[in-house]
Amino acid sequence: MVIALVVAMSFISCNEKTNTDTTGHTETNKHKDAKAEHETPEYFLLRPEVEKAYGYSHAVKIGNSIKISGAVSMDDEGNPTAVGDFEQQMKNCYADLEKILKHYGCTFDDVVKEDVFTTDMAKFLEFASYRTEIYKKHFPTGSWLGVKELAVPEFMIEIELEVHKPKNK
């Protein structure tokens, strides 16, 4: 009977696992999820007119999580820039992503996931070492995907991020 009780107590669903913070308070993941659900999303538009025309927000923050839509090499009117220059398009993407990170008080050190979409994987691999200038402490998780095309034919690369903003930032 004691063994059955111990076994029964060890089966707690994933949603009900508990965490104890430094003050000794215990909170279930279910309660954390409920708190996150009640937090109001904060939307950020990098290029409001372009984003409204295409129907998206460049970033959304909920709690400590920030999702950033794919950055492409474009000017403030939505026109492609650095057409035909893969390396410069990639640098332009990271420059826009940095602006969004700064808006939220973050850096590339806070990025936990980076997905790269490219129409030319060989070119991306040729210039991928540039990422060591971006990610100074560690690389995030993510995927590199070769795609047939992006939203506009001149775009050769698109980079999207997921960020975890520490509470103390």
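## The main nonpolar core

Let's start on the inside: the largest nonpolar core has 29 residues, and Ile68, Met90, Tyr94, Phe108, Ile159 and Leu161 touch the most other members. A nonpolar core here is a set of buried Ala, Val, Leu, Ile, Met, Phe, Trp, Tyr and Cys residues joined through side-chain atoms within 4.5 Å. Buried means under 20% relative accessible area, exposed means over 50%, and partly exposed lies in between (1.4 Å probe, protein chains only). Please keep in mind that this is a predicted model, in which local features need pLDDT of at least 70 and side-chain atom pairs count only at pLDDT 80 or more, while totals for chains, interfaces and linings use all residues. Residues are numbered from 1 along each chain as its sequence is written, and side-chain values use heavy atoms, with hydrogens and water left out.

At least two residues of the largest core come from each of strand E5 (65–71), helix H4 (86–103), strand E6 (111–118), helix H5 (121–127) and strand E8 (157–164). Helices (H or I, at least four residues) and strands (E, at least two) are DSSP runs, numbered from the N terminus. With seven residues, H4 gives the most to this core. There is also a second, separate core of seven residues, and Val72, Phe117, Leu150 and Phe155 are among them.

## The sheet and its helix

Six strands make up an open sheet with mixed pairing, and their order is E3-E4-E5-E8-E6-E7. Two strands pair if DSSP finds at least two bridges between them. E3 and E7 stand at the edges with a single partner strand each, so one side of each has no neighbour in the sheet. From one strand to the next, the twist averages 10°.

Within this sheet, E5 and E8 pair in the antiparallel sense over five bridges. Ala71, for instance, has Ile159 in E8 as its bridge partner. H4 packs on the sheet, where it touches E3, strand E4 (59–62), E5, E6 and E8, and its direction makes about 25° with that of E8. Contact means heavy atoms within 4.5 Å. Axes are lines fitted to C-alpha atoms, for helices over the stretch in contact, and angles run from 0 to 180 degrees between N-to-C directions.

## Aromatic pairs

The whole structure holds seven aromatic pairs. Rings of Phe, Tyr and Trp (its six-membered ring) pair if their centres lie within 6.5 Å; planes under 30 degrees apart count as stacked, over 60 as edge-to-face and the rest as tilted. Phe86 and Phe127 are a stacked pair, at 6.3 Å centre to centre with 15° between the planes. Phe86 belongs to helix H4 and Phe127 to helix H5, so this pair ties together parts that are 41 residues apart in sequence. Phe86 is buried at 2% relative accessible area, and Phe127 is buried at 16%.

Phe108 and Tyr135 form an edge-to-face pair, at 5.6 Å centre to centre with 85° between the planes. Phe108 sits in the loop between H4 and E6, while Tyr135 sits in the loop between helix H6 (131–134) and strand E7 (141–146), 27 residues apart. Both Phe108 and Tyr135 are buried. Leaving aside neighbours within four places in sequence, Phe108 contacts Tyr94, Leu97, Glu98, Leu101, Ile134, Tyr135 and Leu161. Ring pairs also link Tyr94, Phe108, Tyr130, Tyr135 and Phe139 into a cluster.

## Salt bridges

Charged partners come next: a search of the whole structure finds eight salt bridges. A salt bridge is a side-chain nitrogen of Lys or Arg within 4 Å of a carboxyl oxygen of Asp or Glu. In one of them, Arg47 meets Asp96, with the closest N and O atoms 2.8 Å apart. Arg47 lies in the loop between strand E3 (42–44) and helix H3 (48–54), and Asp96 lies in helix H4, 49 residues apart. Both Arg47 and Asp96 are buried.

Glu162 and Lys67 form another salt bridge, their closest N and O atoms being 3.1 Å apart. Glu162 is in strand E8 and Lys67 in strand E5, so the pair ties together parts that are 95 residues apart in sequence. Glu162 is partly exposed at 28% relative accessibility, and Lys67 is partly exposed at 46%. Asp115 pairs with Lys113, the closest N and O atoms being 2.6 Å apart. Here Asp115 is buried at 7%, whereas Lys113 is partly exposed at 27%. Finally, salt bridges that share partners join Arg47, Asp76, Asp96 and Lys99 into one network.
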